[in-house]
Amino acid sequence: MTAGAAAPPPDLPVALPGDEDGPVFEEAWQAEAVALTVGLVGAGVFTWADWTAALSAAIAAAQAAGDPDLGDTYYEHWVTALEALCGRTGVAVDAEVDRHADAWRAAYLRTPHGRPVVLDPHDVEVGTRGSFRPPDAHG
Amino acid sequence: MGHDHDHDHDQDQDQDHSDVPPPLALRVKALQSVLAAKSIVSEATVDRIVDAYEHRIGPHLGAGVIARAWIDPAFRERLLADGTEAARDHGIRGLDPGVRLVVVENTADVHNVVVCTLCSCYPLQLLGMPPVWYKSAPYRSRVVQDPRGVLAEFGTDVDDDVEVRVWDSNSEVRYLVLPERPAGTDELDEAALAALVGRNAMVGVEHVLPPADPPPAP
C-alpha cells in the first residue's frame, strides 16, 4: 500500500463541474471525493477504467430512478460510485464507513463552534454508543 | 420530509457545538478517515491533490499548448502526431501514460467538437474542471445528434460547407481541439496569444476571437 508519497495528480479522465471562469468545487466534500478517487487510483486500488465504469453505472442508475442528470447531482453520483468501488475492492466496506460517519457526527456534536473538529480514534475503535465490536481490535 | 408541521427533534440551535455536515459530506469524511486509518490514501495526499486541482490546474495550461502550436510549426506537428508526448514535453504534468491525448485541428474545412457521451471524460490536466453543461445529459446527447444546433446555442457559427466532427471521449482517449488562430494576431507573442484561448474553444464549442482592442503600437 502506498500512502503519502504519491505522484502528481494524474490526468483525470472524467469531468468535474466548474463555472465559466474555471475550476471550482462548490463544496469541500466534492473536492475531497475527487482527491480520494485520484489517490485510490494512485495507490493501485482500482484503475481509471474501473472508475469510468462505476461512475457511468451510478449515473445510469440515477437516470433510471428519475434523475434528469442536469449536472447538479453529479457529485452525488460520484460519491455513490466511490463507495461502490471502495466496497467492492474491500478498502472501505459499508460497515466501516458507517462507523466512521457515526464517529464524525459525534465529533461535530461535541466540538464547540469555531474549534477544529477532530476525530477521536477512540470513537472509531469502540463505537460511539458502546455497542460496536471492532473486527480487528488490537492494542 | 413530508411532515405537515416542521417538528425539529434536534432542537439544538442554542447549544454550542459545530454543525454536523450534510449526509454526503459526512460519507466523504468517513471514507477519507477509513482510508487514512488504513494508510491507503493519507490526509496529506488528499490535501495535496485538492490544492492542485483548485489552484494549479486550469485552462491556462491548455491555452499555453495551443499558443505554442500556433507559433511553432514543429511543435504543432508533434502535438498532432502524439498529443500526450508533446504536451508532456511542453511541461504539462501528471499525464497518464495509459490515456492518449488526441489533438484535433480546426481548419477552414473542419470544425471539431468534443463530448463524452458515456460520462464526462475530459483532459483535466490541460483544462481543469469542465463546466456543468459539458457533463449534462442534454449536451452529451444533443451535440451528437445536432452539433450545429448546439454550436449555434453557444453563438458559434460554422459555415454550411465546413464539416463538423464530434469526438466522443472515453477512458482511453481524450480530445483537445486546436482552434484556428484568429486573423490579425500576427504581432502577438505566445503569451498574448494564449490569453485569447478560452476553455470553450479547446472543447470546440466556440471560436478563438481576435483581441477586442488592437494591440498597443510598438
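Some housekeeping before that. This is a predicted model, where local features need pLDDT of at least 70 and side-chain atom pairs count only at pLDDT 80 or more, while totals for chains, interfaces and linings use all residues. Residues are numbered from 1 along each chain as its sequence is written, chains are lettered from A and ligands numbered from 1 in the order in which they are written, and side-chain values use heavy atoms, with hydrogens and water left out.

When I say helix I mean a DSSP run of H or I, at least four residues, and a strand is a run of E, at least two, numbered from the N terminus. Of the 139 residues in chain A, 48% are buried. Buried means under 20% relative accessible area, exposed means over 50%, and partly exposed is in between, using a 1.4 Å probe and protein chains only. The accessible surface of chain A is about 6,700 Å², and 54% of that belongs to carbon and sulfur atoms. Those areas come from the Shrake-Rupley method with a 1.4 Å probe, and for residues only the protein chains shown count as cover. As for contacts in chain A with a separation of 6 or more, 53% are between residues 24 or more positions apart. Contact here is heavy atoms within 4.5 Å.

Now chain B. This one has eleven helices and four strands. It has 218 residues, and 50% of them count as buried. Chain B exposes about 10,800 Å², with carbon and sulfur atoms supplying 51%. For its contacts with a separation of 6 or more, residues 24 or more positions apart account for 68%.

Let's zoom in on a helix pair. Two packed helices are described by the angle between their axes and the distance between the axes. In chain B, helix α4 (residues 73–81) packs on helix α5 (residues 83–90) at about 135°, and the axes are 5 Å apart. The axes are lines fitted to C-alpha atoms, for helices over the stretch in contact, and the angles run from 0 to 180 degrees between N-to-C directions. So α4(B) and α5(B) are oblique to each other; the cut-offs are under 35 degrees for roughly parallel, over 145 for roughly antiparallel, 65 to 115 for roughly perpendicular, and oblique for the rest. Who makes that contact? From α4(B) it's Phe75(B), Arg78(B), Leu79(B) and Ala81(B), and from α5(B) it's Gly83(B), Ala86(B), Ala87(B), Asp89(B) and His90(B).

Val65(B) sits in helix α3 (residues 59–71) of chain B, and it counts as buried because its relative accessibility is 0%. From Val65(B) to Ala87(B) is 22 residues in sequence and 6.9 Å in space, C-alpha to C-alpha.

On to the strands. Buried or exposed: what are the six residues of strand β4 (residues 173–178) of chain B? Six of the six are buried, so the strand is largely enclosed by the rest of the structure. Val173(B), Tyr175(B) and Val177(B) point one way from β4(B), and Arg174(B), Leu176(B) and Leu178(B) point the other way. In a regular strand the side chains alternate between the two faces of the sheet. Strand β1 (residues 100–105) of chain B runs parallel to β4(B), with six bridges joining them, and Val104(B) stands opposite Val177(B). DSSP has to find at least two bridges for two strands to pair.

Strand β2 (residues 110–115) of chain B also has six of its six residues buried. Six bridges join β2(B) to strand β3 (residues 163–168) of chain B, again parallel, and Val113(B) has Val166(B) as its bridge partner.

His111(B) of that stretch is touched by Glu206(B), which also touches Phe154(B), Thr156(B), Asn200(B) and Ala201(B), not counting residues up to four places away in sequence. Glu206(B) lies in the segment after α11 (199–203) of chain B, and is partly exposed at 29% relative accessible area.

Last one: Ser39(B) has a phi near 55°, a positive value in a residue other than glycine. Most residues other than glycine have a negative phi. Ser39(B) is in the loop between α1 (23–37) and α2 (43–56) of chain B, and is partly exposed at 40% relative accessibility.
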